[in-house]
Amino acid sequence: MKFNKALAMSLFSLFITSQANAFTVGVAMPTQDEGRWYNEGFGVEHMLQNSGFNVELFFGGDIDVELQQRQVERLSNSNIDALVIGSIDGNALTQVLKITKSKKIPVISYDRLITGTDAVTYYATFDNGKVGQIQGQFLIDKLKPTVEHPKNIEIFHGSLDDNNAVFFYGEAMKILQPYIDSGALVVKSGQIKPEDTEIHGWRTDLASKRMDDLIDKIGYGPDGEKLDGILSPADCISTGIIFTLKKRGYTTDNIPVITGQDSTKEALQNIQEGYQAMTIFKDGKELQKAVVEMIKAISEGKEAPVNDTTTYNNGVMDMKSFLCKPELIDNSNIGKLL
Ligand code: BGC
């Protein structure tokens, strides 16, 4: 009797494992070179594996759009049952996803929206508009700009091929623009539009370079023109800006108020040391949980839980989305991440 029960148990668990193991998820992440994506690539892999799924994980090298296209094509032509994609260029997968769609492979757009295709089944992301609002409001709260006492700021925009960047900037600017219009905030460079402020590929080195150029052009400096704040959409950009500012003589006594997002290792250190004013914590585990729930539902032929169907449209359809909450981190609450 005892033996039979044990046998039944192990047969049952074998059945469960082989059932789940039969389902393979392809995961394509943008790059392993940026902290956020490295952590999240392996995070998704582990969480899916812990739920019994097979995973094929790829990273898009040095944010290499063509490499990611080839990876998605390869995954679509292999024996996968679902695909999770953190895109590099949200617009560059339209062609290759035709293959995916023809093979009836469901696609989850991870964090960044894949646009211009009807091949996307679900979108799992953070409330990206909220990220921009938190950043914009933070600058206002810290700088307290008024027409009588105007403050100088500069603006950095994320990569234009990333729909998230448009949301971060759009919502932050809804808060900042009225102050710019009234003269309470001044952008001395005159560079405000997305195409004038873009850091393509979210590259730290390009952010450093643009900050250098702004200093040369305007004469910002600890002993020169005062720069009070910088709207930076993400830590990878803030890190580049801070690198330049330090090199050009700024210290924690005169560094502008700089925003960020992702709570990268560098940003947390910069916040502790007083170089960066804030970042945003986006709990990768929450996002990964949402993805695992989607994959579970797909593997069982059910509808996945979503909490938003109106915010995101990818140019072809409204997205069934799950939005996780972003959280402001500054030196008052950084302790919870250390
Ligand atoms: C993500 C941000 C990240 C940025 C650069 C965006 O799509 O939402 O969290 O900082 O890409 O990788």
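Student: Before the sheet, what makes two strands pair?
Tutor: Two strands pair if DSSP finds at least two bridges between them. Keep in mind that this is a predicted model.

Student: OK, what is the order of the strands in the open sheet?
Tutor: The order is S2-S1-S3-S4-S5-S11, which makes an open sheet of 6 strands with parallel pairing.

Student: Which strands stand at the edges?
Tutor: Strand S2, residues 54-59, and S11 do. Each has a single partner strand, so one side of each is left without a neighbour in the sheet.

Student: And how many degrees are neighbouring strands turned against each other?
Tutor: On average 15 degrees, with direction ignored.

Student: Which helix packs on this sheet?
Tutor: Helix H2, residues 35-50. H2 touches S1, S2, S4 and S5, and its direction makes about 170 degrees with that of S2.

Student: Let's look at S5. How many bridges join S4 to S5?
Tutor: There are 3, and the two strands run parallel.

Student: How many bridges join S5 to S11?
Tutor: 4 bridges, and again the strands run parallel. Here Thr125 is opposite Leu323 in S11.

Student: Are the residues of S5 buried or exposed?
Tutor: Buried: 5 of the 5 residues in 122-126.

Student: Which residues are on which side?
Tutor: Tyr122, Ala124 and Phe126 are on one side, with Tyr123 and Thr125 on the other. Both faces of S5 are covered.

Student: New topic. Which residues touch the most other members in the largest nonpolar core?
Tutor: Met211, Ile241 and Leu245, in a core of 43 residues.

Student: Which elements supply this core?
Tutor: Several supply at least two residues each, including helices H5, H8 and H9 and strands S6 and S10. The largest share, 8 residues, comes from H6.

Student: Back to Ile241. What is it in contact with?
Tutor: Leaving aside neighbours within four places in sequence, Ile241 is in contact with Phe156, Ala207, Ser208, Met211, Ile230, Ser232 and Ile258.

Student: Why would nonpolar residues gather at all?
Tutor: In soluble globular proteins, nonpolar side chains tend to be buried together.

Technical notes. Residues are numbered from 1 along each chain as its sequence is written. This is a predicted model: local features need pLDDT of at least 70, side-chain atom pairs count only at pLDDT 80 or more; totals for chains, interfaces and linings use all residues. Side-chain values use heavy atoms; hydrogens and water are left out. Buried means under 20% relative accessible area, exposed over 50%, partly exposed in between (1.4 Å probe, protein chains only). Axes are lines fitted to C-alpha atoms, for helices over the stretch in contact, and angles run from 0 to 180 degrees between N-to-C directions. Contact means heavy atoms within 4.5 Å. A nonpolar core is a set of buried Ala, Val, Leu, Ile, Met, Phe, Trp, Tyr and Cys residues joined through side-chain atoms within 4.5 Å.
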